[in-house]
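These are my notebook entries on one protein model.

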Amino acid sequence: MLEAIIFVLCGLGLLAFGADRFVDGALSLSVRFRISPMIVGVVVVGFATSAPELLVSTIAALESHPTLSIGNAIGSNIANIGLVLGVTALVFPLQIKTSLLKIEFPIMLAGLLLSTLLMLDLNIGLVDGFLFLVGLLFLLSLMVFLNGNAEDESFDKDKSFILDQEKEVRIWRAFFLFLGGLVLLLIGSEMLVKGAVSLAKYFGATDVFIGLTIVAVGTSLPELAASLASAFKKATDLAIGNIIGSNLFNALGVVAMPALFHPFSIDIIILQRDVGVMWFLTLLLLMAIIISRKKGKLDRLPGLMFLLSFIFYQITLFLG
């Protein structure tokens, strides 16, 4: 048991540290190429901070624990809104971009809907895996296209942040951070899965439970770090885009990974409880954005609601 705990703690540490370096490198490279802040948040930061979930799911599938992948993906989406966005909004109210309700959020909803529909028969096979990946590529391409044709109202606000990044980070260092962070993510993911599975066997818990709690929260730490750092730097597009992009990648990319290796079934409780909680928090976020758009910011009250909802969900998992 002690060895398993050490593996989990070291894995979480390497994931958090590696993801932070990975995000720094990816952001710096993206800034150099003058990519829109929202696209950076959704595609670059969202994918980078979802890399732990993606790697954990791939390793779990290879080690014949596919249900850990599902629990990881859904639990991470719940943690992204409840924990990450909740804490970030409590610490620093987030500015809301007017295009959020027109482009980014509807596309994320489409991804969540596709993922949920493919899970309704409680079986995920190879065809489903390919549909997940095709849907992900299509929705990301659509988001990039629509943002490219939309006026980027946040560029002027983020210009000072962009210029500071350009001065501080050279291209070679950005590549080093990017690749070095990726290596640490690989190592951390392997350690985390081994430790989590060992703990599950020791306590008699299911893979889904471990995926929804320890692994989901642990692999959401990079999202939390990236969102808090972005909020403090007033790069609000990066903070919100990080959550949208990460949830989209989790719902389609992360869930697709185990399906590409071998078919597996989903427990009905995952749809009834966990997918339901994911949709509850997603719709709660939608309502908060609609209500808050007149003020132009997502303040501390919605953040508190997200965080309390997440805490209540975790309590029900432990009691259940």
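**Entry 1: T116.** I located T116 in helix α4; helices here are DSSP runs of H or I with at least four residues, strands are runs of E with at least two, and both are numbered from the N terminus. The model is a predicted one, in which local features need pLDDT of at least 70, side-chain atom pairs count only at pLDDT 80 or more, and totals for chains, interfaces and linings use all residues. Residues are numbered from 1 along each chain as its sequence is written, and side-chain values use heavy atoms, with hydrogens and water left out.

Is T116 buried or exposed? T116 is buried, because its relative accessible area is 13%; buried means under 20%, exposed over 50% and partly exposed in between, with a 1.4 Å probe and protein chains only. I then listed the contacts of T116, leaving aside neighbours within four places in sequence, and found V275, M278 and W279. Contact means heavy atoms within 4.5 Å.

**Entry 2: L122.** I found L122 in the loop between α4 (104-119) and β2 (123-124). The phi angle of L122 is near 65 degrees, a positive value in a residue other than glycine. With a relative accessible area of 23%, L122 is partly exposed.

**Entry 3: helix α1.** V23 lies in helix α1, residues 2-32, and is buried at a relative accessible area of 7%. Not counting residues up to four places away in sequence, V23 touches V45, A48, T49 and A226. I also noted that V23 and V44 are 21 residues apart along the chain, with their C-alpha atoms separated by 7.8 Å.

G13 is in helix α1 as well. G13 is partly exposed, since its relative accessible area is 39%. From G13 to L101 the C-alpha distance is 35 Å, at 88 residues apart in sequence.

**Entry 4: L186.** I placed L186 in helix α7, residues 171-203. Its relative accessibility is 44%, so L186 counts as partly exposed. Which residues does L186 touch, not counting those up to four places away in sequence? They are L55 and I59. F280 is 94 residues from L186 in sequence and 32 Å from L186 in space, C-alpha to C-alpha.

**Entry 5: S292.** S292 belongs to helix α11. I recorded S292 as buried because its relative accessible area is 4%. Beyond residues up to four places away in sequence, S292 touches I96, K297, L298 and P302.

**Entry 6: nonpolar cores.** A nonpolar core is a set of buried Ala, Val, Leu, Ile, Met, Phe, Trp, Tyr and Cys residues joined through side-chain atoms within 4.5 Å. The largest one has 62 residues, and I74, I78, M143, L248, L285, L298 and F306 touch the most other members. The elements giving two or more residues to this core are α2 (37-62), α3 (66-91), α4, α5 (126-149), α9 (221-232), α10 (236-261), α11 (268-292) and α12 (300-319). A second, separate core has 30 residues, among them L185, A196, V197 and I210.

I followed I78 individually. Leaving aside neighbours within four places in sequence, I78 is in contact with L83, D274, V277, M278, L281, F310 and Y313.

**Entry 7: the whole chain.** I counted 12 helices and 4 strands in the protein. Along its principal axes, the C-alpha trace spans about 55 × 40 × 35 Å. For 320 residues a compact globule would have a radius of gyration near 20 Å, and the 18 Å of the protein agrees with this; the radius is taken over C-alpha atoms, and the globule rule is 2.2 Å times the number of residues to the power 0.38.

Buried residues make up 57% of the 320 residues. The accessible surface comes to about 13600 Å², and 72% of it belongs to carbon and sulfur atoms; areas come from the Shrake-Rupley method with a 1.4 Å probe, and for residues only the protein chains shown count as cover. Among contacts with a separation of 6 or more, residues 24 or more positions apart account for 88%.

Finally, I looked up the charges. There are 20 positive and 23 negative side chains, and the centres of the two sets lie 10 Å apart. Lys and Arg count as positive and Asp and Glu as negative, while His and the chain ends are not counted. The place of a charge is taken as NZ of Lys, CZ of Arg, CG of Asp or CD of Glu.
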